[in-house]
Amino acid sequence: MGDLEPLNYPFKSIPLFLRGNTGGFFSTYQKGETFPAIPYGYLCNKHLLFDLVYNPEITVFLEKGNKVGAATKNGHEMLLNQALKSWQI
C-alpha cells in the first residue's frame, strides 16, 4: 500500500461495501467465515461495511472493518424490517 493515505485510493468515492449471501444454509459463506478480497487497510471511519449475514453477529468481514475504524452493520435489522413488512403485504 506504500505511502497512500486512507480514503485517498482506491476507495475515495466508494463509501459503502456490501457483502451479500449467495451460499446455501449452513455453508461457510453463511457462517460469516468468508470476506471480500478488498484492501481493508485503505478503509477508514468514512466507510460503511454492511453484511447481510446476521448470524454470527460479527462476521470476519465486519471484524476486518471494525479493526480499521469503518462503520459496520449486520443484516439483523434488515431481517426484522422484512418480517414486519410482510405483515403489511
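Which residues of helix α1 (residues 60-67) are buried? In this predicted model, they are Phe61, Leu62 and Gly65. The views below start from the whole chain and return to that helix.

**View 1. The whole chain holds two helices and three strands.**
The model is predicted. From the N terminus on, the order of elements is β-β-α-β-α. The chain has 89 residues, and 25% of them count as buried. Its accessible surface comes to about 6200 Å². Carbon and sulfur atoms hold 59% of that surface. Among contacts in the chain with a separation of 6 or more, 62% join residues 24 or more positions apart.

**View 2. Three strands form an open, parallel sheet in the order β1-β2-β3.**
β1 and β3 are the edge strands, and each pairs on one side only. Neighbouring strands are turned by 15° against each other on average, direction ignored. β1 and β2 run parallel and are joined by four bridges. Leucine 16 has leucine 48 in β2 as its bridge partner. β2 and β3 also pair in the parallel sense, here over three bridges. On the β3 side, leucine 49 is bridged to threonine 72, and phenylalanine 50 to lysine 73.

**View 3. Side chains alternate along β1.**
Which residues of β1 point to the buried face? Phe17 and Arg19 do: they point to one face and are buried. Leu16 has a bridge partner in β2, Leu48.

**View 4. Helix α1 packs on the sheet.**
α1 touches β1, β2 and β3. Its direction makes about 165° with that of β2. The buried residues of the helix are Phe61, Leu62 and Gly65. They lie on the same side of α1 because they cover an arc of only 95° around the axis. An α-helix has 3.6 residues a turn, so residues three or four places apart point the same way. The buried residues of α1 pack against β1 (16-19), β2 (48-51) and β3 (71-73). Just after the helix, glycine 69 takes a positive phi of about 85°.

Phe61 and Leu62 are buried residues of α1. Leu49 is the residue bridged to threonine 72 of β3.

**View 5. Alanine 70 and its contacts beyond four places in sequence.**
Which residues does alanine 70 touch, leaving aside its neighbours within four places in sequence? They are Cys44, Asn45, His47, Leu49 and Gly65. Gly65 is a buried residue of α1.

**View 6. A cis peptide bond joins asparagine 55 and proline 56.**
Its omega is about 15°. Where is proline 56 placed? Proline 56 sits in the loop between β2 and α1.

**View 7. Tyrosine 42 is in the loop between β1 and β2.**
Is tyrosine 42 buried or exposed? Tyrosine 42 counts as buried because its relative accessibility is 7%, and the cut-off for buried is under 20%. Valine 68 is 26 residues away from tyrosine 42 in sequence. In space the two are 8.3 Å apart, C-alpha to C-alpha.

**View 8. Glutamate 77 lies in helix α2 (residues 76-88).**
Glutamate 77 has a relative accessible area of 41%, so it is partly exposed. Leucine 52 and glutamate 77 are separated by 25 residues in sequence. Their C-alpha atoms are 9.6 Å apart in space.

Technical notes
Residues are numbered from 1 along each chain as its sequence is written. This is a predicted model: local features need pLDDT of at least 70, side-chain atom pairs count only at pLDDT 80 or more; totals for chains, interfaces and linings use all residues. Side-chain values use heavy atoms; hydrogens and water are left out. Buried means under 20% relative accessible area, exposed over 50%, partly exposed in between (1.4 Å probe, protein chains only). The arc is that of the directions from the helix axis to the C-beta atoms. Contact means heavy atoms within 4.5 Å. Two strands pair if DSSP finds at least two bridges between them. Axes are lines fitted to C-alpha atoms, for helices over the stretch in contact, and angles run from 0 to 180 degrees between N-to-C directions. Accessible areas come from the Shrake-Rupley method with a 1.4 Å probe; for residues, only the protein chains shown count as cover.
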